[in-house]
Amino acid sequence: MAEKMTIAAVNEAEEVKKQNQFVETFKRLCRNKTALIGLIIVVIYILVAIFAQVLTPYDYAQMDPISANQAPSAAHWFGTDYMGRDILTRLMVGTRYSLGLGVGAIAIGVIVGIILGCIAGYFGGAAEELIMRFCDVLQAIPSTILAIVISMVLGTGFVNTIIAVGIGRIPLNARIIRAQFLSQRKLEYVEAAQATNTSQAKIMFGHILPNTISPLIVNSTMGIGGAIMIAAGLSFINLGVQPPTPEWGAMITAGKEFIRLYQYQVLYPGLFMAVFVLAVNLLGDGLRDALDPKLRT
């Protein structure tokens, strides 16, 4: 009975420690002005994605040929496209698709990368050699080229684009986790867990992984912008999300046909994407500073 109470007390203390670390990290992040700006912009984009159709009186898919190619005005702040659809509305709704592409691709890279990195870093030997050579092959191919090849095999579409971009994120995430595991697997807390017959899965994912996840959080945050840009590039060459879906890259692709006369049809989607990519990069830099003890001030 006393042993159970001691274990419960230790678990409670660990939970309190994690909460305190989260609060302290958030405070350090907020003290970084550029990171705070990035965080605010990212939050605004997320709110726009959630409430897009509440914030605008227009339907993003409704066509009005009479209003086609109208310049920015009080009625249409960002103008209309070649089918008379409100560009601002399509950009706001398109935030759902573009953010979904970025987060979805990063999620695939993180989940698969964690599994492969944990196995390679914890077990070593033949498993490590096989996984690392697999990562070498993927990393030898530029991420954009790899995404193009996968898109050509799988075909176009939202889900296929997420898969195509996400696969290219796997090797780096796997290497990050493997490197962290190599530095942690011989520490005393791991040996103590092994001595108490704790399952290897629990040691890897319950003990070591929480202590090694910080670099992956930073890398993943900064990778969202890159994933969105690769997905937009696929749309630009007609291998990604296809019209009429209002994804930012697809909107740029549609607008490039009219760029000589109606530059705003390409300008605003490009700016929308550029601002978000800059914001997540600022946020990622701030997270790196907040999570890395060597960079704390």
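## One face of helix 9

Ile203, Met204 and Ile208 are the buried residues to look at in helix 9, which spans residues 200–208. Viewed down the axis of helix 9, its buried residues fall within an arc of 95°, so they line one face of the helix. In general, an α-helix has 3.6 residues a turn, so residues three or four places apart point the same way. The cover over the buried residues of helix 9 includes helix 3, helix 7 (170–184) and helix 8 (188–195). Please keep in mind that this is a predicted model.

## The nonpolar cores

The largest nonpolar core has 56 residues, and those touching the most other members are Phe181, Trp248 and Phe276. Helix 3 (residues 87–123) supplies the largest share of this core, with 13 residues. Another core, of seven residues, lies apart from it; Met132, Cys135, Ile170 and Ala174 are among its members.

Setting aside residues up to four places away in sequence, Phe276 touches Val42, Tyr45, Leu99, Ile224, Ile228 and Trp248.

## A buried glutamate

Glu247 sits in the loop between helix 10 (214–236) and helix 11 (248–255). Glu247 is buried but has no salt bridge: Arg90, the nearest side chain of opposite charge, is 9.3 Å away.

How values were computed: Residues are numbered from 1 along each chain as its sequence is written. This is a predicted model: local features need pLDDT of at least 70, side-chain atom pairs count only at pLDDT 80 or more; totals for chains, interfaces and linings use all residues. Side-chain values use heavy atoms; hydrogens and water are left out. A nonpolar core is a set of buried Ala, Val, Leu, Ile, Met, Phe, Trp, Tyr and Cys residues joined through side-chain atoms within 4.5 Å. Buried means under 20% relative accessible area, exposed over 50%, partly exposed in between (1.4 Å probe, protein chains only). Helices (H or I, at least four residues) and strands (E, at least two) are DSSP runs, numbered from the N terminus. Contact means heavy atoms within 4.5 Å. Lys and Arg count as positive and Asp and Glu as negative; His and the chain ends are not counted. A salt bridge is a side-chain nitrogen of Lys or Arg within 4 Å of a carboxyl oxygen of Asp or Glu. The arc is that of the directions from the helix axis to the C-beta atoms.
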